[in-house]
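I opened this entry to look at how two parts of one chain meet. My notes follow in the order I looked things up.

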Amino acid sequence: MSTISQPQSVEINRLIANLGADLDSGLSLAEADDRLAQYGPNSLVSTPPVPVWRRFLAQFHDPLIYLLLGAIAISLGAWWFQGHQGWPIDAMVILFIVVANACIGFFQESRAIDAVAALRRMTRSQVTVRRGGQARLIAADDLVPGDILLLQEGDNVGADARLVEANALTIAEAALTGESTAVTKHPGRIEGEVPLGDRHNMVFRGTAVTQGTGVAVVTATGMDTEVGAVATMLSDTEQEETPLAKEIASVSRWLGVIVIVIAVLVMVTISLTSNIATMSDAVTVLFLGVSLAVAAVPEGLPAILSIVLSIGVQRMAARNAIVKDLHSVETLGSASVICSDKTGTLTTNEMTIQQVKTEGGTAHIAGVGYEPIGEVTCSTGQDINEVYDVLAGGALASNAELHREADDSWEIVGDPTEAAFFVAERKLADPIDRETRYERRGEVPFSSERKRMTTLSRDRETGEFVVVMKGAPDVVAKYCAQVDEAQVRADVAELSDQALRTIGIASRRLHPEHISEDLEDLERELIYEGTVGMIDPPRQEVREAIAQAQRAGIRVVMITGDHPATALRIAQDLGLVTAGGTALSGIELDKLTDAEFAEAVQDVNVFARVAPQHKLRIVDALQDAGHVVAMTGDGVNDAPALKSADIGVAMGITGTEVTKDAGAMILRDDNFATIIAAVRQGRDIFDNIKKFLRYLLSSNMGEVCTVFFGVIFAGALGLRGASTEDIVLPLLATQILWINLITDTGPALALGLDPETDDTMGRPPRATHERVINLGMWGIIFWVGAVMAISALLTMDFFLVGGFIPGSDNLEVARTAAFTTLVFSQLFNVFSSRSTTHSAFKDIASNQWLLGAVILGVVLQFMVVEVPFLQSAFGTASLDFEHWVVTIGFASLVLWAEESRKLIARIRNRV
Ligand code: ATP
């Protein structure tokens, strides 16, 4: 087999032979595998992934780390020239910490990359092909030349392919050719080379089926496709940063500048107040300054942010909500209106026909689910044959199937609305009579726009043809010559009032000579047979989900193609509207001016008998009113509304590929309750991000303040008097880096995974313009940082001989105690950071990761203080019991300070 050039002009049988394809059964599975190995995956090659070693080295790519590495080199040089006695401890420890930090950063980044890749796999586009004799749904990436593609409305075209069959097939090719209207496609050879837009017998990768069905044989995949040819000119577009990531990057940047200024100030102050005589003194001061900058600049924030977001996204996926990009997680948390379809999303989409209204009266049908058992009771005077005609008519105009499984249960394939007719029909009679008597000759499929479906069948007994229309009763009635419209309206009103979904059936018999080519031409002069009422029970969990949404200040709006009365009744049952609520219909919407529309959208919560295009208008009006809108959809025509919404929610089960592409989120179970669960998770993730921001920034503030004020007030604290060294250092460079290593990694990440601590669904949605780190948060950061520094410096003063509080320890011990206080106060602060209002003791043990990280921190700190070789590495000295108790006491100050602040805040809020 060779690559086919100009496949549009090759005679079709020759093309199929050249491609080694088989129209009837497709490629064998083994052949498909071989070809996949030969041609490679059907993907557009993007820029090659960055090699692991590069990613590791990139961890050092930071001017501050360069400075630190420079200082290490200078220190090693000084040590060498001064006779290289003993080990260059400081340089080794700092180097070790820098490498450890890089490893942690590398690990975190890899985790984030894996998570994003896993998400990509989940949202991979799928296509239907014929392989090994049957239709199969496969990942578009696995398509190979020679595959037989089966196309239907809403499919993405996965590769370039030549059409073999097309039924009213139209394709949107704007992405490839820029042509904005959909193009009609038909098989048939084209002579010679024509522009892409004119190759009506080809379908191309990257385009989508807007209508109809088709069969095509794949001629090119991956980079050999037309879009692949364009893609070679484009490099992979960088994913845009989310607003939160941007805000954090900017905060990190200017905090970095402030920290560096402070570090320089510290170095200058030390240089001025100390007697720097040797090279090694100079290096010590340099180490301190640079370490302070390295520790306090929150350069790890973006990595932690993306890990927390991507782990959050994985958690959502585990609960059936697949969020496609990290940005949507943020938007989800601020959603203020959720517009939802009804059928299948708010309801179970398990239809059971319960009533049949005919001219003679109302028949009641017993039984639940798809098991075709249940008594049919006609009202007095009603002819059971009329009831049968309605049910068998509905079955005749349906494409679903009803099967009995090996375990005797009944299963359906296809649209549940249609399957309901098969079930009800079977409760009356064996369907075999209908099946043997009628032969399907044509069909105009159901669509949400047409709201009806029509079939043409031949009666083998009489040779006549029969046209059957089933659809929304009000719509069907319009095509009838014999119908009592007032009666239909009354029947529909009565059924809708019982929350039943209504379908009307009409038919007409024709002689063969009256059959026209165009089926829509036959949709007239029908005889109305009757109306069925089917129950579609609300999903049990939805009522609670709606109540939860309302508590969280989120409006829920129902947008449905169903009858207004049915929609309203179900909306009432679900608590979506109160008893007096109203529904607006599509026809009414069309009559409104833009201003009236904008007003209506403010308080109407049920839109019924609408078509997909109304959704777009509703989304736009809500957005104009300042709402953040989530909108669900499944059909191709829902795609524009989904794209326009802040969060487009595509149905995973009933949704088409095009809709899934357009949505920002895919609901794997089509369930409304999953949207609310996702919103809640979105809010939780956002809260957690705030928690670790508060924690990290206040910890950094504590470190900077301790060193800065320690140097400024060295005399007053007794630090200078106690120092036997030439220079006065409140903390050593290695200690500062150590604090950073312990607190910035484990506890910060664990906070990012915190279970809900505040009532996230008890407050209104976050305003989108609100900054994440607002004034209130800055207040807490400064307050906590200041308390930490005061505790650390007080500890130092407490133990030192001089200062405010006279003590009896030497500088090494006092410094170790202050260092430990700082570490412990940060570990205490982890618990305080979990909520801005609730006590740290509330649900203190609910986050196992956090407990683990804190215990690990305590153990490591204990080792650094008590293990001899670590003592020499970190300049620490053993502490006795009293030291430990005092240290822990001072460290806990931050906890009590926060507890008091929260208590006052809670009392104030209650007043
Ligand atoms: P949603 O809430 O998802 O919009 P819906 O199913 O009620 O759901 P449509 O699918 O647009 O909305 O259906 C509109 C109307 O068309 C229904 O109320 C029903 O009367 C009729 N209908 C639905 N499905 C079929 C079908 N398969 N064949 C014929 N008529 C149908």
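I started from a single side-chain pair: Arg 609 and Asp 474 form a salt bridge, with 2.8 Å from N to O. The model is predicted, so I counted side-chain atom pairs only at pLDDT 80 or more.

Next I looked up where the two residues sit. The domain assignment puts 335–347 + 540–671 in domain 3 and 352–535 in domain 4. I noted the rest of the assignment too: domain 1 covers 1–224, and domain 2 covers 243–311 + 691–910.

I then checked how many salt bridges the rule finds across the interface of domain 3 and domain 4, and there are two. For polar contacts between these domains I got eight residue pairs, both residues at pLDDT 80 or more. On the domain 3 side, helix α18 (residues 564–573) gives the largest share of the residues touching domain 4, namely five. I sorted that side by class and found five nonpolar, five polar and five charged residues.

I turned to the overall geometry. The C-alpha centres of domain 3 and domain 4 are 29 Å apart. Domain 3 puts 15 residues into the contact, and domain 4 puts in 14.

Last, I looked up the area. Which three residues supply more than any other three of the area that domain 3 buries against domain 4? I found Thr 566, Arg 569 and Arg 609, with 42%.

Terms used
Residues are numbered from 1 along each chain as its sequence is written. This is a predicted model: local features need pLDDT of at least 70, side-chain atom pairs count only at pLDDT 80 or more; totals for chains, interfaces and linings use all residues. Side-chain values use heavy atoms; hydrogens and water are left out. Domain bounds come from an automatic or database domain assignment. Contact means heavy atoms within 4.5 Å. Buried area is the accessible area (1.4 Å probe) that two parts lose on being put together, summed over both. A salt bridge is a side-chain nitrogen of Lys or Arg within 4 Å of a carboxyl oxygen of Asp or Glu. A polar contact is a pair of N or O atoms within 3.5 Å; within protein, one must be able to donate a hydrogen and the other to accept it, and residues adjacent in sequence count only if both atoms are side-chain atoms. Helices (H or I, at least four residues) and strands (E, at least two) are DSSP runs, numbered from the N terminus. Ala, Val, Leu, Ile, Met, Phe, Trp, Tyr, Cys and Pro count as nonpolar, Asp, Glu, Lys and Arg as charged, and the others, Gly among them, as polar.
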